[in-house]
Amino acid sequence: MSGLGVALGGFALGSACPARALAATGHGQDVTSAPQQQDSQLRYPFHGLHQQGVVTPRPASGMLVAFDVLARDRDDLETLLKILTERIAFLTQGGRIPERDPLFPPPDSGILGPQIAPDGLTVTLAVGDSLFDDRYGLGDVRPRHLQRMQGFPNDALEAARCHGDLALQICANTLDTGYHALRDIIKNTPGLLMVRWKQEGTVPLLPPAPGDVDGSARNFLGFRDGSANPEGDDAALMDELVWVGKHHDEPAWANGGSYLAARIIRNFVERWDRTPLHEQEMIFGRRKVSGAPLSEDGPEGKEQDVPDYSSDPEGEITPLDAHIRLANPRTPETAGNRILRRPFNYSNGVEANGQLDMGLLFLCFQADLEAGFITVQQRLDGEPLEEYIKPVGGGYFFVLPGAQDDTDFLGRSLLAATA
Amino acid sequence: MKTIIPKTWLAAGALGLVSSTMTLTTTAHADVAPAALVGPVADYKLYVLDNLEQLVSHTEDFTAAVQAGDVDKAQALYAPTRVYYERIEPIAELFADLDASIDAREDDYEKGVEDPDFTGFHRLEYALFHDNSTQGMETYALGLMDDVNDLDGRVQDLTFPPQTVVGGAAALMEEVAATKVSGEEDRYSRTDLWDFQGNVDGAREIFDLFKPLAAKEDADFVARVQDNFDDVEATLADYRLDADDPNAGFESYDKVSDADRRALTGPVTVLAEDLSTLRGVLGLN
């Protein structure tokens, strides 16, 4: 596509500054550790084996936007992927928005002013099962586990908030930076993309305090969410659990990618707030204030403590149907079911009954969708927590491998595999 | 439906970003002399007046049918009457009071259908297609007729500002993008495709009148817009009840497949983006 080079040349790309990004990950910080700072110059390199936004520490805001792809054939799809690559490369690195003759509409929304700061922005491109239908000839190379999300027993899925040909996970220090990126992408892809649904969310900042151990941010049920997440900076572990590699028996083009399971999970917060604390803690299997696993009498532990279920086979300390015990039984047989969670809290307004429409934009990544989210969710089916939550939307997507350099684009390996 | 459509429309996808960078090196200020706009603007006024004349006479028949209690006839005349209004919306909307009383939808009122201020075409649509009745509609029919006559009189006296006329092409496509593709405009009669076609007709008229001027500034732009209009009209044509008779109208919007709604969204959005630059291409403030 000839336009691409011109466009890249036209924008003043900020110099990549990985050192800054590394500094922000800090010591021993997990993907879901509560964000501590909002450095507008925080910049993650765009190019690489993997896309950003997966093992990247979760910032204070994130959204998932699912699209229908309107491209009419493979050439148009390639154009779309190249435009997305070019826009994501610019937006995540930051730079100056070009000026335009004022008789024309301005080139961008202007909501960040003329100089775009990277602001910790990551835009992660993933594709849905429906992109592999008969439109683009991709059916033969569909990732092995990619499928249309089926409702689980407690789900009440709304058609208008499910699935999609393509999804963008947009995360940044502030929602405004995410909205700017989304509007820029929409403006640059007319006729190629149509928004299908969108859900944004936030996690509370936790200002650093001396001597503090990193804690996971809290969800809208008041519990720390992300405790016991596999460590995002453990590359070997990520290669085992999160990134698709040669040992995962997927089409070769998919190496370096990952499965994304997205779920919009409504929380019945008023009812939850009327539930005794002890019951809340038994439902989750953790202390609410500290996040520590439940323990016998004695001093309360800390969030990072590893629960010992082997000494509690009857569930006298941690009920057998407690959320964290079902999700991760901590047995050798279930170690391969671990997933990397990266959720955000959402608040959408008010329901007809006067109750708040709040919940969790649950996002998780795994190298094997069946062994990961689907298996974990099946273990959770029927858990006591279901009385307080209702999944209403979401979808399964496959995060494309990264774009390796200026000559590469997101999705190149997918198209090449079916050329 | 068939989707054998030239792919040139797609170029705009890339164009959005390319053009935004190109202005770094080129100043795309158009060189159109103000006098050159006089002819097309005058022609457009004739087009509007012609459609207004049709609107008045069709509204006479439509409101007469309502007053006569002839539900079937009134239902049949509803969409063919409205289409003249939809074509000239950029001008009609200049008179906000009349636009509200003629064409507002129930969503525009806090009390919805029951709101006493809810009048005009869509109030009658609700009676005719939801209640299947003309009961109590005489007042609304008379009011609509008065409003349409009022509009006619006001437009006769109106000096058409060139920027409003040229900007009207984009405004019409924004109408389509916002309320036609979603099917919320005529939710009871399901005659959305009539309005859809009316908006497209009106936008294309404006574009065609200024096309020679625009072509001198940016021939690729003109070619792409034409192709996208053709795409939209080809898809709409698939839903005509009689290919040879435009007056036969369209299938119910319920019959339009999700795939076709998406297929329409593509070129409609590209047209909205492209036509939003028409004023700039012609150097109009």
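Predicted model: local features only at pLDDT ≥ 70, side-chain atom pairs only at ≥ 80, totals over all residues.
View 1. Chain A contains ten helices and eleven strands. Its C-alpha trace spans about 70 × 50 × 45 Å along the principal axes. Contacts in chain A with a separation of 6 or more are 78% between residues 24 or more positions apart.

**View 2. Leu42(A), a loop residue.** Leu42(A) sits in the loop between helix H2 (18-25) and strand S1 (61-69) of chain A.

**View 3. Asp249(A), a residue with positive phi.** Asp249(A) is found in the loop between helix H5 (235-241) and strand S7 (258-267) of chain A. Its phi is positive, about 60 degrees, although Asp249(A) is not a glycine. Asp249(A) counts as exposed, because it has 9 C-beta neighbours inside 10 Å and the limit for exposed is 12 or fewer.

**View 4. Thr334(A) and its contacts.** Thr334(A) lies in the loop that runs between helix H8 (323-327) and strand S8 (340-341) of chain A. With 15 C-beta neighbours inside 10 Å, Thr334(A) counts as partly exposed. Which residues does Thr334(A) contact, leaving aside neighbours within four places in sequence? They are Asn328(A) and Pro329(A). Ile116(A) is 218 residues from Thr334(A) along the chain. The C-alpha atoms of this pair are separated by 44 Å.

**View 5. Chain B, the whole fold.** Chain B has twelve helices and zero strands. From the N terminus on, its elements run α-α-α-α-α-α-α-α-α-α-α-α. Of its 285 residues, 47% count as buried. Take the contacts in chain B between residues at least 6 apart in sequence: 75% of them join residues at least 24 apart.

**View 6. Helices H3 and H6 of chain B, packed together.** Two packed helices are described by the angle between their axes and the distance between the axes. Here helix H3 (residues 71-87) and helix H6 (residues 121-130) of chain B pack at an angle of about 145 degrees. Their axes are 10 Å apart. The crossing of H3(B) and H6(B) is left-handed. H3(B) brings Val71(B), Ala74(B), Gln75(B), Tyr78(B) and Arg82(B) to the contact. H6(B) brings Phe121(B), Glu125(B), Leu128(B) and Phe129(B). By type, the residues of this contact are six nonpolar, one polar and two charged.

**View 7. Ala170(B) and Ala178(B), two alanines of helix H8.** Ala170(B) lies in helix H8 of chain B, and Ala178(B) has its place in helix H8 of chain B too. Ala170(B) counts as buried, with 23 C-beta neighbours inside 10 Å. Ala178(B) is exposed, with 12 other C-beta atoms within 10 Å. What does Ala170(B) touch, not counting residues up to four places away in sequence? It touches Ala272(B), Leu275(B), Ser276(B) and Leu278(B). Asp31(B) is 139 residues from Ala170(B) in sequence and 21 Å away in space, C-alpha to C-alpha. Ala178(B) and Ala141(B) are 37 residues apart in sequence. In space they are 27 Å apart, C-alpha to C-alpha.

View 8. Arg190(B) lies in the loop between helix H8 (162-180) and helix H9 (192-217) of chain B. Its phi is near 60 degrees, a positive value in a residue other than glycine. Arg190(B) counts as partly exposed, with 18 C-beta neighbours inside 10 Å.

**View 9. Helix H10 of chain B, end to end.** Helix H10 of chain B covers residues 219-237. At 1.5 Å a residue, its 19 residues should span 27 Å. The end C-alpha atoms are 27 Å apart, which agrees. The buried residues of H10(B) include Phe221(B), Val222(B), Arg224(B), Asp227(B) and Phe229(B). Also among them are Val232(B) and Thr235(B).

Methods
Residues numbered from 1 in each chain as written. Chains lettered and ligands numbered in written order. Axes fitted to C-alpha atoms, helices over the stretch in contact; angles between N-to-C directions. Helix = DSSP H or I, 4+ residues; strand = E, 2+ residues; numbered from the N terminus. Left-handed = near helix turned anticlockwise from the far one by under 90°. Contact = placed C-beta atoms within 7 Å. Nonpolar A, V, L, I, M, F, W, Y, C, P; charged D, E, K, R; others polar. Buried ≥ 20, exposed ≤ 12 C-beta atoms within 10 Å, placed from the backbone. Expected span 1.5 Å × (residues − 1).
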